[in-house]
Amino acid sequence: MTSTETIPSLDGRRFRMVSSTTSAVDPDSPSIFEYFERDGAIWGGYEGDTVTFGKFVGTRTGDSIWVSFVHVLRADGSVVTGDGESSLELTEDGGIRLVERYEMHGLPQLSVCEEIVA
């Protein structure tokens with residue numbers, strides 16, 4: 001960690017989507033994200049209730065990350081691209097929460113993902 005980071009590395013951590021302004025989140029099969037981090041770079045993939053698969057890549061500065069993403073929608077097979085910034089927070093149980101702000105369909109969006117703690 002650098003001196004500006006208070007949240008541990010995201011490397012190898014998995015997250016589940018808990019809320020999104022883009023779509024309703026299925027609590028029984030939410031989108032699951034897997035993150036990797038090294039030398040200031042962030043990358044990973046995701047799949048779940050609304051997407052067949054997606055990939056992202058970006059950077060981390062302190063306790064925020066910026067990523068570009070692409071995914072395929074489960075509903076109609078269309079490809080969606082975008083970018084956004086996430087704030088990293090610690091949860092009460094010691095996990096990590098991602099508060100994601102991005103633009104999709106020309107409108108600002110907000111999603112929240114929480115670490116899957118074993």
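## Arg13 and its partner

Let's start with Arg13, which counts as partly exposed at 22% relative accessibility. The model we are looking at is a predicted one. In this prediction, Arg13 uses its side chain to form a salt bridge with the side chain of Glu115, with an N to O distance of 2.8 Å.

How exposed or buried is Glu115? Its relative accessible area is 14%, so Glu115 is buried, because the cut-off for buried is under 20%. Arg13, at 22%, is partly exposed.

One joins the side chains of Arg97 and Glu89, at 3.3 Å from N to O. Both residues of this pair are partly exposed: Arg97 has a relative accessible area of 23%, and Glu89 has a relative accessibility of 31%.

Glu114 is also a salt-bridge partner of Arg97, and here the closest N and O atoms are 3.0 Å apart. Because Glu114 sits in strand β8 and Arg97 in strand β7 (residues 96-104), this pair ties together parts that are 17 residues apart in sequence.

Val112 has its place in strand β8. With a relative accessibility of 15%, Val112 counts as buried. Setting aside neighbours within four places in sequence, its contacts are Arg16, Met17, Val18, Ser19, Arg97 and Leu98.

Ile116 comes in the segment after β8, and its relative accessible area of 34% makes it partly exposed. Not counting residues up to four places away in sequence, Ile116 touches Arg14, Phe15, Arg16 and Ile32. For Arg14, the C-alpha to C-alpha separation from Ile116 is 5.7 Å in space, although the two are 102 residues apart in sequence.

## The nonpolar core

The largest nonpolar core holds 20 residues, and the members that touch the most others are Leu10, Phe15, Phe33, Tyr35 and Phe56. At least two core residues come from each of β1, β2 (32-38), β3 (41-47), β4 (51-61), β5 (64-73), β6 (79-90) and β7. Which strand gives the most to this core? That is β7, with four residues.

Beyond its neighbours within four places in sequence, Leu10 is in contact with Phe15, Tyr35, Phe36, Glu37, Ile42, Arg60, Ile65, Leu88 and Ile96. Among these contacts, Phe15 and Tyr35 are also listed with Leu10 as core members that touch the most others.

## The largest pocket

Turning to open space, the largest pocket has a volume of about 460 Å³. Its lining consists of 26 residues, and those nearest the pocket centre are Met17, Tyr46, His71, Tyr102 and Met104. Two or more lining residues come from each of β1, β2, β4, β5, β6 and β7.

Which element gives the most to the lining of this pocket? The answer is β5, with five residues. By residue type, the lining divides into 13 nonpolar, 10 polar and three charged residues.

## A positive phi in a loop

One last stop is Asp39, found in the loop between β2 and β3. Asp39 is not a glycine, yet it has a positive phi of about 50 degrees. Is Asp39 buried or exposed? At 80% relative accessibility, Asp39 counts as exposed, because the cut-off for exposed is over 50%.

Conventions: Residues are numbered from 1 along each chain as its sequence is written. This is a predicted model: local features need pLDDT of at least 70, side-chain atom pairs count only at pLDDT 80 or more; totals for chains, interfaces and linings use all residues. Side-chain values use heavy atoms; hydrogens and water are left out. A salt bridge is a side-chain nitrogen of Lys or Arg within 4 Å of a carboxyl oxygen of Asp or Glu. Buried means under 20% relative accessible area, exposed over 50%, partly exposed in between (1.4 Å probe, protein chains only). Contact means heavy atoms within 4.5 Å. A nonpolar core is a set of buried Ala, Val, Leu, Ile, Met, Phe, Trp, Tyr and Cys residues joined through side-chain atoms within 4.5 Å. On a 1 Å grid over the protein atoms alone, a cavity is a set of points where a 1.4 Å probe fits but cannot get out, and a pocket is an open set with protein on both sides within 12 Å along at least five of seven lines; lining residues have an atom within 4 Å of a point. Grid points are joined across faces, edges and corners, and a volume is the space filled by probe spheres set on the points. Ala, Val, Leu, Ile, Met, Phe, Trp, Tyr, Cys and Pro count as nonpolar, Asp, Glu, Lys and Arg as charged, and the others, Gly among them, as polar.
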